[in-house]
Amino acid sequence: MGKHHQNLLNNLEELRKSAGLTQQDLSESAEVSRKSINAIENGIYVPSTVLALKIAKTLGCKVEDIFKLPT
Amino acid sequence: MILKEMTYFKRFLIVFICGIMQIFYAAYLLLNLFGYSIDWHISNHDLFMFIPGILVFVGSGILTASYYLGDKKINNILYDEYTALRYYKIASIGYVLNGIGIFVLFSIQDWANWSFQNANNMIYQIAAFAWLIFGVLLTIFAIGDYKEYKNG
């Protein structure tokens, strides 16, 4: 797990890198700004459901693989 | 052209210039209203004071038009949910500060000798204060937004 938001743990950076994508590539497929991807990876921002689904679709995984609630 | 292809830089320029103009004019008006007039010699004073209003009107018009008429893919990125969240945060700070400011401006009025002139002045004070606050916040937003685009 990477850097976390207090309400949401995320694994985005790791999954993105293993998919061979840059933040720019991912932002273009998800149709958001690169800084949004950066903010999510750094736990600054919690994405909407739609954005989380778009990211998961681009990475070819489930939303639950990227984001987890803190236990 | 600017409507079809809005960029971070163009948006930064529009919002930053509008913000700076708002700060400049609102500060000038507030100083005047509180009797700390700067001795500037502006030949057509009243007309000159319309400039920020016109600029903000034109600037927001261009932004609105580019949002509705511009390239959808570019706009999805420029106006994504993270940017919207930052804007909402800045707007709510603005409302809070304006609320406090209006309360203070109400408190310092000379209610014992109330007149239409005083009422008129108070309206100008509130308007200038709101312009000043939102001018500062817009400028902060513009700089932060562009810095994040470049480095964030």
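Visitor: What pattern does chain B follow along the sequence?
Guide: Chain B reads α-α-α-α-α-α. Helices here are DSSP runs of H or I, at least four residues, numbered from the N terminus; strands are E runs of at least two. This is a predicted model: local features need pLDDT of at least 70, side-chain atom pairs count only at pLDDT 80 or more, and totals for chains, interfaces and linings use all residues. Residues are numbered from 1 along each chain as its sequence is written, with chains lettered from A and ligands numbered from 1 in the order written.

Visitor: How big a box do the C-alpha atoms of chain B fill?
Guide: Roughly 60 × 35 × 25 Å along the principal axes.

Visitor: And what share of chain B is buried?
Guide: 21% of its 152 residues. Buried is 20 or more other C-beta atoms within 10 Å of the residue's own, exposed is 12 or fewer, and partly exposed lies in between; C-beta atoms are placed from the backbone.

Visitor: Let's pick a residue. Why does A142(B) count as buried?
Guide: Because A142(B) has 20 C-beta neighbours inside 10 Å. A142(B) sits in helix 6, residues 116–151 of chain B.

Visitor: Which residues is A142(B) in contact with, leaving aside neighbours within four places?
Guide: F12(B), V15(B), F16(B) and G19(B). Contact means C-beta atoms, placed from the backbone, within 7 Å.

Visitor: New topic. How many residues are in the largest nonpolar core?
Guide: 18, and V15(B), C18(B), W131(B), L132(B) and L138(B) have the most contacts inside it. Such a core is a set of buried Ala, Val, Leu, Ile, Met, Phe, Trp, Tyr and Cys residues joined through C-beta atoms within 7 Å.

Visitor: Which helix supplies the largest share of this core?
Guide: Helix 6 of chain B, with 10 residues.

Visitor: How do helix 1 and helix 6 of chain B cross?
Guide: Their axes come within 7 Å and cross at roughly 150°. Axes are lines fitted to C-alpha atoms, for helices over the stretch in contact, and angles run from 0 to 180 degrees between N-to-C directions. So helix 1 of chain B is roughly antiparallel to helix 6 of chain B, a label for angles over 145 degrees.

Technical notes
Two residues are in contact if their C-beta atoms, placed from the backbone, lie within 7 Å. Angles under 35 degrees count as roughly parallel, over 145 as roughly antiparallel, 65 to 115 as roughly perpendicular and the rest as oblique.
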